[in-house]
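Trainee: I would like to learn how to read a protein model. Please take me through it one feature at a time.

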Amino acid sequence: MSIIEKYFTSLSTRQKEQFDALFDLYSDWNSKINVISRKDIDNLYLHHVLHSLAIARYIHFQPKTSIMDVGTGGGFPGVPLAIFFPEVNFLLLDSIGKKVNVARQISQAIGLQNVECAHSRMEDEKRKFDFVVSRAVMPLPDLVKIVQKNISPEQKNALPNGIICLKGGDLTSELSSFKNKVESFSLSNYFSEPFFETKKLIYLPIQ
């Protein structure tokens with residue numbers, strides 16, 4: 001938890017309590033359902049919570065912004081972002097029901113009022129959102145084909161509506177088809193820990 005406060009110094013007491021509760025909740029659920037690698041649960045805050053919050057370093061979502069987290073698994077990046085942005089509305093979507101249930105139960109346990117969880121395929125979701133976020137769900141070209149229908153044309157934020165992804169490794173070929181439209185940021189610009197040296201944030205506006 002201290003690593004969250006290292007980078008986010010203006011959290012409310014409520015937000016600190018919600019973040020602090022995540023370790024016990026995810027540890028308990030992970031003993032029943034393998035949501036996070038068992039050997040990785042001790043790195044929950046570094047590898048999962050702080051990683052998710054890289055999006056909050058990149059953009060400050062305006063109140064009433066709507067966001068769909070596709071392939072959320074147990075709630076990443078959606079749950080940490082929903083804690084950080086309590087006035088933003090999140091849909092956490094995954095095709096694996098037991099994982100969505102973990103995200104739903106944890107959201108309810110910490111009192112998140114701005115989260116809806118859905119057991120569904122991305123292809124079947126018809127609603128419009130300002131942004132779609134994801135964490136290494138699929139190659140960006142495939143994701144764009146599926147979710148571009150879900151991007152609202154109405155703008156609320158400083159950045160145009162679009163897709164924000166957290167990814168790792170060499171993305172040269174994956175991003176090549178988007179030419180100058182896509183922006184790629186190294187997370188080591190935000191966080192000093194070695195874990196982030198190979199991690200990137202990808203932003204693609206969808207007009």
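Mentor: Start with Ile 59, which is buried at a relative accessible area of 6%. Buried means under 20% relative accessible area, exposed over 50%, and partly exposed in between, using a 1.4 Å probe and protein chains only. This is a predicted model, where local features need pLDDT of at least 70, side-chain atom pairs count only at pLDDT 80 or more, and totals for chains, interfaces and linings use all residues. Residues are numbered from 1 along each chain as its sequence is written, and side-chain values use heavy atoms, with hydrogens and water left out.

Trainee: Where does Ile 59 lie?

Mentor: Ile 59 lies in the loop between helix 3 and strand 1. Helices (H or I, at least four residues) and strands (E, at least two) are DSSP runs, numbered from the N terminus.

Trainee: Which residues is Ile 59 in contact with?

Mentor: Contact means heavy atoms within 4.5 Å. Leaving aside neighbours within four places in sequence, Ile 59 is in contact with Phe 85, Phe 131, Asn 157, Leu 159 and Ile 164. Sequence separation is a separate matter: Ile 59 and Ala 158 are 99 residues apart in sequence and 8.2 Å apart in space, C-alpha to C-alpha.

Trainee: How many residues has the largest nonpolar core?

Mentor: In soluble globular proteins, nonpolar side chains tend to be buried together. A nonpolar core is a set of buried Ala, Val, Leu, Ile, Met, Phe, Trp, Tyr and Cys residues joined through side-chain atoms within 4.5 Å. Here the largest one has 55 residues, and Ile 4, Leu 22, Tyr 26 and Ile 164 have the most contacts inside it. Helix 3 (residues 44–58) gives the most to this core, with 10 residues. A second, separate core of 23 residues includes Ala 118, Leu 143, Ile 151 and Ile 202.

Trainee: What does Ile 4 touch?

Mentor: Not counting residues up to four places away in sequence, Ile 4 touches Leu 11, Phe 19, Tyr 45, Val 49, Leu 50 and Leu 53.

Trainee: At what angle do the axes of helix 2 and helix 3 cross?

Mentor: Two packed helices are described by the angle between their axes and the distance between the axes. Axes are lines fitted to C-alpha atoms, for helices over the stretch in contact, and angles run from 0 to 180 degrees between N-to-C directions. The axes of helix 2 (residues 13–30) and helix 3 cross at roughly 130° and come within 11 Å. That makes helix 2 oblique to helix 3. Angles under 35 degrees count as roughly parallel, over 145 as roughly antiparallel, 65 to 115 as roughly perpendicular, and the rest as oblique.

Trainee: Which residues of helix 2 and helix 3 meet?

Mentor: From helix 2, Phe 19, Asp 20, Ala 21, Leu 22, Phe 23 and Tyr 26 meet Leu 44, Tyr 45, Val 49 and Leu 53 in helix 3. By class, this contact has nine nonpolar, no polar and one charged residues. Ala, Val, Leu, Ile, Met, Phe, Trp, Tyr, Cys and Pro count as nonpolar, Asp, Glu, Lys and Arg as charged, and the others, Gly among them, as polar.

Trainee: How do the axes of helix 2 and helix 5 cross?

Mentor: The axes of helix 2 and helix 5 (residues 97–109) cross at roughly 150° and come within 11 Å. Leu 22, Leu 25, Tyr 26 and Trp 29 of helix 2 make the contact with Asn 101, Val 102, Gln 105, Ile 106 and Ala 109 of helix 5. These residues divide into seven nonpolar, two polar and no charged.

Trainee: Is Val 79 buried or exposed?

Mentor: Val 79 is buried, with a relative accessible area of 0%, and is found in helix 4 (residues 78–84). Among the residues that Val 79 touches are Leu 22, Tyr 26 and Ile 110.

Trainee: Which peptide bond is cis?

Mentor: The bond from Phe 76 to Pro 77 is cis, with omega near 5°. Pro 77 has its place in the loop between strand 1 (66–70) and helix 4.

Trainee: What is phi of Lys 64?

Mentor: Phi of Lys 64 is near 75°, a positive value in a residue other than glycine. Lys 64 counts as exposed, at 61% relative accessibility.
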